[in-house]
Amino acid sequence: MVDFILRISGVHTWHTISLQQHPQHYLVLIRSLGPHAISKYQKNFDAGVYSYPFITINGTLIKHGVVSLETLRQDLVS
């Protein structure tokens, strides 16, 4: 499995678009909560990275995580 970490500037916007284009990347329960709740969870209760495991792209199994620019900056200076 190949791992990617993507730095994004708008967590809510990312999850809104991702839920529309790739709803299968989210667990059904998480998907039903919507982008606002997912963004809040990512910021307040997780390590700041929301991971999408077991995604197949062109026959290659990948996992990608998204982290906000703000969280990445804080992590790099602390």
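Histidine 25 is buried, because its relative accessible area of 18% falls under the 20% limit. The model described here is predicted. Histidine 25 lies in the loop between H1 and H2, and the residues it touches, beyond those up to four places away in sequence, are Tyr52, Ile55 and His64.

**Surroundings of histidine 25**

- Isoleucine 55, one of the residues that histidine 25 touches, belongs to the largest nonpolar core.
- Apart from neighbours within four places in sequence, isoleucine 55 is in contact with His25, Thr60, Leu61, Ile62 and His64.
- His64 is in contact with histidine 25 and with isoleucine 55.

**Aromatic pairs**

- The whole structure contains three aromatic pairs.
- Tyrosine 26 and tyrosine 52 make an edge-to-face pair, with 5.3 Å centre to centre and 85° between the planes.
- This pair joins distant parts of the chain, 26 residues apart: tyrosine 26 is in the loop between helix H1 (11-21) and helix H2 (28-44), and tyrosine 52 is in strand S2 (residues 49-57).
- Tyrosine 50 and tyrosine 52 also form an edge-to-face pair, at 5.2 Å centre to centre and with 70° between the planes.
- Tyr26, Tyr50 and Tyr52 are linked into a cluster by ring pairs.
- Tyrosine 26 counts as buried because its relative accessibility is 2%, under the limit of 20%.
- Tyrosine 52 has a relative accessibility of 0% and therefore counts as buried.
- Tyrosine 50 is buried as well as tyrosine 52.

**Nonpolar core**

- The largest nonpolar core consists of ten residues: Ile8, Val11, Leu19, Tyr26, Ile38, Tyr50, Tyr52, Ile55, Ile62 and Val66.
- H1, S2 and S3 are the elements that give two or more residues to this core.
- S2 provides the largest share of the core, namely three residues.
- In soluble globular proteins, nonpolar side chains tend to be buried together.

**Serine 18**

- Serine 18 is in helix H1 and counts as buried because its relative accessibility is 8%.
- Leaving out residues up to four places away in sequence, serine 18 touches Pro23, Tyr26 and Tyr52.
- Two of these contacts, Tyr26 and Tyr52, are members of the ring cluster.

**Salt bridge**

- The count of salt bridges comes to one.
- Aspartate 3 and lysine 63 form a salt bridge, in which the closest N and O atoms are 3.5 Å apart.
- The two residues come from distant parts of the chain, 60 residues apart, with aspartate 3 in strand S1 (residues 2-8) and lysine 63 in strand S3.

**Nonpolar surface patch**

- Met1, Phe54 and Leu61 make a nonpolar surface patch of about 330 Å².
- Leucine 61 is located in strand S3 (residues 60-68) and is partly exposed because its relative accessible area is 35%.
- Phenylalanine 54 lies in strand S2 and is exposed because its relative accessible area is 60%, over the 50% limit.

**Positive phi values**

- Most residues other than glycine have a negative phi.
- Phenylalanine 54, a member of the surface patch, has a positive phi near 60°.
- Asparagine 58 has a positive phi near 50° and is in the loop between S2 and S3.
- Asparagine 58 has a relative accessibility of 80% and so counts as exposed.

**Arginine 7**

- Arginine 7 is in strand S1 and is partly exposed because its relative accessible area is 44%.
- Apart from neighbours within four places in sequence, arginine 7 is in contact with Val67, Leu69 and Leu72.
- Arginine 7 and tyrosine 26 are separated by 19 residues in sequence and by 19 Å in space, taken from C-alpha to C-alpha.

Terms used. Residues are numbered from 1 along each chain as its sequence is written. Side-chain values use heavy atoms; hydrogens and water are left out. Patches are made of residues with over 30% relative accessible area and no salt bridge: like charges are joined within 9 Å, nonpolar side chains (Val, Leu, Ile, Met, Phe, Trp, Tyr) within 5 Å. Accessible areas come from the Shrake-Rupley method with a 1.4 Å probe; for residues, only the protein chains shown count as cover. A salt bridge is a side-chain nitrogen of Lys or Arg within 4 Å of a carboxyl oxygen of Asp or Glu. Helices (H or I, at least four residues) and strands (E, at least two) are DSSP runs, numbered from the N terminus. Buried means under 20% relative accessible area, exposed over 50%, partly exposed in between (1.4 Å probe, protein chains only). Rings of Phe, Tyr and Trp (its six-membered ring) pair if their centres lie within 6.5 Å; planes under 30 degrees apart count as stacked, over 60 as edge-to-face and the rest as tilted. A nonpolar core is a set of buried Ala, Val, Leu, Ile, Met, Phe, Trp, Tyr and Cys residues joined through side-chain atoms within 4.5 Å. Contact means heavy atoms within 4.5 Å.
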